[in-house]
Amino acid sequence: MRDITIKITGKQVYDGGEEDQMEFITDGRLYQRNGYCYLIYDESEISGMEGLKTTLRFNDKSLKMKRVGKNGPQSELYFEEGRRFMSSYDTPEGPLGIEVLTTAVRNLVDKEEGKGRLDVEYDISLDGMAEGRNRITIDLM
């Protein structure tokens, strides 16, 4: 297991063209097991998910994101190019249905160096209330 610094940039484009972007830098841990890379980090106040631990499991074709809090799992998303994934996202107001259609997964991480970039682009629908295009870029430094 290797300690690393990561920069996470999230960009959302909503129907109507409105954009929102968030970026934060944090420390994490990276390791490999059974053909996958795992990246674990704690969410921060900036992400709006303080107190949650995020685990990313990725390879050249897919990314699985799991967030866990004090009371157990909060959310789990799966990204694989061209695939649709449906899940539930726990909020203080109750569970919210979420649907993700992944348009691109690019893994440019050098597993030996523990550096590089992971890009995921996807369309998202939240219980039919909000829709948009998202991009997550994770830089491993």
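## Arg-135 and its surroundings

Leaving aside neighbours within four places in sequence, Arg-135 is in contact with Thr-9, Gly-10, Lys-11, Arg-106, Asp-119, Val-120 and Glu-121. Contact here means heavy atoms within 4.5 Å. The model is predicted, so local features need pLDDT of at least 70 and side-chain atom pairs count only at pLDDT 80 or more, while totals for chains, interfaces and linings use all residues. Residues are numbered from 1 along each chain as its sequence is written, and side-chain values use heavy atoms, with hydrogens and water left out.

Arg-135 sits in strand 10, residues 130-140. Strands (E, at least two residues) and helices (H or I, at least four) are DSSP runs, numbered from the N terminus. Arg-135 counts as partly exposed because its relative accessibility is 34%. The classes are buried (under 20% relative accessible area), exposed (over 50%) and partly exposed in between, with a 1.4 Å probe and protein chains only. Val-105 is 30 residues from Arg-135 in sequence, and the C-alpha to C-alpha separation is 9.9 Å.

The side chain of Arg-135 makes a polar contact of 3.0 Å with the side chain of Asp-119. A polar contact is a pair of N or O atoms within 3.5 Å; within protein, one must be able to donate a hydrogen and the other to accept it, and residues adjacent in sequence count only if both atoms are side-chain atoms.

Asp-119 also has a polar contact with Thr-137, side chain to side chain, at 2.5 Å. Thr-137 lies in strand 10. Thr-137 is buried, at 9% relative accessibility. Beyond four places in sequence, Thr-137 is in contact with Lys-7, Ile-8, Thr-9, Arg-117, Leu-118 and Asp-119.

### Salt bridges

Side chains of opposite charge can pair when their charged atoms come close. A salt bridge is a side-chain nitrogen of Lys or Arg within 4 Å of a carboxyl oxygen of Asp or Glu. The structure holds 11 of these salt bridges. Three of them are tabulated.

| Pair | Closest N to O |
|---|---|
| Asp-42 and Lys-53 | 2.8 Å |
| Arg-67 and Glu-43 | 3.0 Å |

Salt bridges with shared partners join Arg-106, Asp-119, Glu-121 and Arg-135 into one network.

Asp-42 forms a salt bridge with Lys-53. Asp-42 belongs to strand 3 (residues 36-42) and Lys-53 to strand 4, so the pair ties together parts 11 residues apart in sequence. Asp-42 is partly exposed, at 42% relative accessibility. Lys-53 is also partly exposed, at 32%.

Arg-67 forms a salt bridge with Glu-43. Arg-67 is in strand 5 and Glu-43 in the loop between strand 3 and strand 4, so this pair ties together parts 24 residues apart in sequence. Both Arg-67 and Glu-43 are buried.

### Strands 4 and 5

Strand 4 (residues 53-58) pairs with strand 5 (residues 62-69) in the antiparallel sense, over 6 bridges. Two strands pair if DSSP finds at least two bridges between them. A hairpin of 3 residues joins strand 4 to strand 5. Thr-54 has Arg-67 in strand 5 as its bridge partner.

Ser-62 is in strand 5. Ser-62 counts as buried because its relative accessibility is 4%. Setting aside residues up to four places away in sequence, Ser-62 touches Arg-57, Tyr-78, Phe-79, Glu-80 and Val-105.

### The nonpolar core

A nonpolar core is a set of buried Ala, Val, Leu, Ile, Met, Phe, Trp, Tyr and Cys residues joined through side-chain atoms within 4.5 Å. The largest one has 25 residues. Leu-39, Leu-56, Phe-58, Phe-79, Ile-138 and Leu-140 have the most contacts inside it. Not counting residues up to four places away in sequence, Phe-58 touches Leu-30, Tyr-36, Cys-37, Leu-39, Leu-63, Asn-107, Val-109 and Leu-118.

### A positive phi

Most residues other than glycine have a negative phi. Asn-34 has a positive phi, near 50 degrees. Asn-34 is placed in the loop between strand 2 (19-33) and strand 3. Asn-34 is exposed, with a relative accessible area of 72%.
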